[in-house]
Amino acid sequence: MAPIPRRTALLAGLGLLAGCAGLGFGEPVNVSVVGMEPLPGQGMEGRFLVKLRVQNPNDRPIEYDGVSIELDLRGNRLATGVSDERGTVPRFGESIVQVPVSVPVSALVRQALGFATGDRTRSDYRLRGRLASSGFGGVSFSSTGELTLPPGLGGTP
């Protein structure tokens, strides 16, 4: 078997990189928290179902197989969660994605102390996450906004 000339290997590598770059999406997805509902917890943690609205401003659908998120509230880590949910966000469309999250008791205490003054039902949040795919990595997202808190997490009991 004859060795592959260096120039041919370089051109093939560049072509592969260009193909992978073409798999990305032009515009970033828009993701916002549209709801949180309490779930049964275990021991020293709180559990919530976070509902996300994912908007795809691109001309190709996003197929995902798994979701991971990190949710910060008032500048501090509040919750993390993963889901094996799979689905498709249509081209120029949107979907609601649900992710169960865990809130450690230390985060609940920190948030309760922070709510001792100020608005107890609304707070600024920062969300980071990824819609995983079976292909090359999936789609990452990050967003900020204002969140209305469910009972037991700063809202009225």
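Is Arg74 buried, partly exposed or exposed? With a relative accessibility of 38%, Arg74 counts as partly exposed. Here buried means under 20% relative accessible area, exposed means over 50%, and partly exposed is in between, using a 1.4 Å probe and protein chains only. Arg74 sits in the loop between strand 3 and strand 4. Its phi is positive, about 55°, although Arg74 is not a glycine. Most residues other than glycine have a negative phi.

Before going on, a word on where this comes from. This is a predicted model, in which local features need pLDDT of at least 70 and side-chain atom pairs count only at pLDDT 80 or more, while totals for chains, interfaces and linings use all residues. Residues are numbered from 1 along each chain as its sequence is written, and side-chain values use heavy atoms, with hydrogens and water left out.

**The overall layout**

The protein has 2 helices and 7 strands. These are DSSP runs numbered from the N terminus: helices are H or I with at least four residues, and strands are E with at least two. Follow the sequence and you get the pattern α-β-β-β-β-β-α-β-β. Of the 157 residues, 32% count as buried.

Now for contacts, meaning heavy atoms within 4.5 Å. Take those between residues at least 6 apart in sequence: 63% of them join residues at least 24 apart.

**The inside**

Which residues have the most contacts inside the largest nonpolar core? They are Val33, Leu52, Ile69, Leu127 and Phe141, in a core of 28 residues. Strands 1 (30-39), 2 (45-56), 3 (62-73), 4 (76-89), 5 (93-104), 6 (122-131) and 7 (139-148) each supply at least two residues of this core. Strand 3 gives the most, with 6 residues. A nonpolar core is a set of buried Ala, Val, Leu, Ile, Met, Phe, Trp, Tyr and Cys residues joined through side-chain atoms within 4.5 Å. In soluble globular proteins, nonpolar side chains tend to be buried together.

Leaving out residues up to four places away in sequence, Leu52 touches a list of residues including Val33, Ile69, Val97, Leu127 and Phe141.

Gly129 lies in strand 6 and is buried, because its relative accessible area is 16%. Gly129 and Val67 are 62 residues apart in sequence, yet their C-alpha atoms are 7.3 Å apart in space. Beyond residues up to four places away in sequence, Gly129 touches Ser68, Ile69, Val139, Ser140 and Phe141.

**Charged pairs**

Side chains of opposite charge can pair when their charged atoms come close. A salt bridge here is a side-chain nitrogen of Lys or Arg within 4 Å of a carboxyl oxygen of Asp or Glu, and by this rule the count comes to 7. The table shows some of them.

| Salt bridge | N to O distance |
|---|---|
| Glu94 and Arg53 | 2.7 Å |
| Arg86 and Asp65 | 3.2 Å |
| Asp72 and Arg77 | 3.0 Å |

Glu94 in strand 5 and Arg53 in strand 2 are 41 residues apart, so this pair links distant parts of the chain. Glu94 is partly exposed at 40%, and Arg53 is partly exposed at 28%. Arg86, in strand 4, and Asp65, in strand 3, are 21 residues apart. Arg86 is exposed, with a relative accessible area of 62%, whereas Asp65 is partly exposed at 34%.

How exposed is Asp72, buried or partly exposed? Asp72 is buried, at 12%, and is found in strand 3. Salt bridges that share partners join Glu70, Asp72, Arg77 and Arg128 into one network. The side chains of Asp72 and Arg128 are also joined by a polar contact of 3.1 Å (a pair of N or O atoms within 3.5 Å, where within protein one must be able to donate a hydrogen and the other to accept it, and residues adjacent in sequence count only if both atoms are side-chain atoms).

**The outside**

The protein exposes about 9,400 Å², and carbon and sulfur atoms supply 56% of it. Accessible areas come from the Shrake-Rupley method with a 1.4 Å probe; for residues, only the protein chains shown count as cover.

Phe92 lies in the loop between strand 4 and strand 5 and is exposed, at 54%. Phe92 has a positive phi near 45° and is a residue other than glycine.
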